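Dear colleague,

Here is the structure I promised to hand over. Please have it open while you read on.

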Amino acid sequence: MYNSFVCLNFLFCIVMNIKINKKIMIHAYKRNGWLYRVWEFPEVLETNSSFTAVSLVNSKVITNEKFSKRNFISRNMKNSFWFFFPDKWYNIIATITPNNVIAYYVNIASPFIYEEEAIKYYDFDLDIKMRNNSSSTYKILDIDEYKENKKKYRYEKEVMYNCEMTLKMFEKQEFRDNIINSISPKMLAFLYSKKRKV
């Protein structure tokens, strides 16, 4: 697993190495280096200096959670797009629901890196759910898990500061509105148009 948290120094390398329409891997780690979830072969649809977006449609998900029943292999059949940011302490999965509402699932996480044909990031437990038809309504998930793991895995002060400041940002409606306006139906339609036709 990678050692650094912030990968701004590697930004140029990240953008140059990720190729559009390439099938890659996504690795989610806990802070102790445990690889607890893998997504196999999502397709890269866009990459630039601001974000990288992949399609999760038909990607295999391998979950390995210690002392849990959540040890299984599944396949994502939802129309979902995952946005990663090289300088943000979160990533976002945007899913188009059957009634054309966009459901956003925000992972509080380290900035990502790209190496060995895989996007890699640390997952810091906290998650946020929201929808584009009601930005005033949102739900914060797994606060207890974060409180437990920050002691268990000895989160550094920098990690706790960035996680908690990011959570505070999402508690502001103006910030949530900005996310919804940027990851919009128009944006997702644009990404879908770039998906490789099978």
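Through how many residues does a hairpin join β10 to β11? The hairpin uses 2 residues. Helices here are DSSP runs of H or I with at least four residues, and strands are runs of E with at least two, numbered from the N terminus.

First, the ground rules. This is a predicted model, with local features requiring pLDDT of at least 70, side-chain atom pairs counting only at pLDDT 80 or more, and totals for chains, interfaces and linings using all residues. Residues are numbered from 1 along each chain as its sequence is written, and side-chain values use heavy atoms, with hydrogens and water left out.

Strands β10 and β11

Strand β10 covers residues 118-131. Strand β11 covers residues 134-141. The two run antiparallel and are joined by 5 bridges; strands pair if DSSP finds at least two bridges between them. Ile128 has Ile140 in β11 as its bridge partner.

The core

The largest nonpolar core holds 52 residues. Such a core is a set of buried Ala, Val, Leu, Ile, Met, Phe, Trp, Tyr and Cys residues joined through side-chain atoms within 4.5 Å. Buried means under 20% relative accessible area, exposed means over 50%, and partly exposed lies in between (1.4 Å probe, protein chains only). Ile26, Val54, Trp82, Phe83 and Tyr121 touch the most other members. Strand β10 gives the most to this core, with 7 residues. Leaving out residues up to four places away in sequence, the contacts of Phe83 include Phe51, Ile92, Ile183, Met187 and Leu191. Contact means heavy atoms within 4.5 Å.

Salt bridges

The count comes to 11 salt bridges. The rule asks for a side-chain nitrogen of Lys or Arg within 4 Å of a carboxyl oxygen of Asp or Glu.

- Lys22 and Glu117: their closest N and O atoms are 3.3 Å apart. Lys22 lies in the loop between α1 and β1, and Glu117 in the loop between β9 and β10, so the pair ties together parts that are 95 residues apart in sequence. Lys22 is partly exposed, at 25% relative accessible area. Glu117 is partly exposed too, at 46%.
- Lys30 and Asp123: the closest N and O atoms are 3.2 Å apart. Lys30 sits in the loop between β1 and β2, and Asp123 in strand β10, so parts 93 residues apart in sequence are tied together. Lys30 is buried at 5% relative accessibility, and Asp123 is buried at 4%.
- Glu43 and Lys195: this bridge spans 3.3 Å, N to O. Glu43 is in strand β2 and Lys195 in the segment after α5, so the link ties parts 152 residues apart in sequence. Both residues are buried.

Salt bridges that share partners also join Lys30, Asp123, Asp125 and Glu145 into one network.

The loop between β1 and β2

Gly33 is in this loop too. Gly33 is partly exposed, at 33% relative accessibility.

Helix α4

Which residues of α4 are buried? They are Arg176, Ile179 and Ile180, in a helix that covers residues 173-182. Down the axis, they fall within an arc of 95 degrees, so they line one face of the helix. The arc is that of the directions from the helix axis to the C-beta atoms. The face turned away from the buried side carries the exposed residues Glu174 and Asn181. Cover for the buried residues includes β7, β8, β10, β11 and α3.

Best regards
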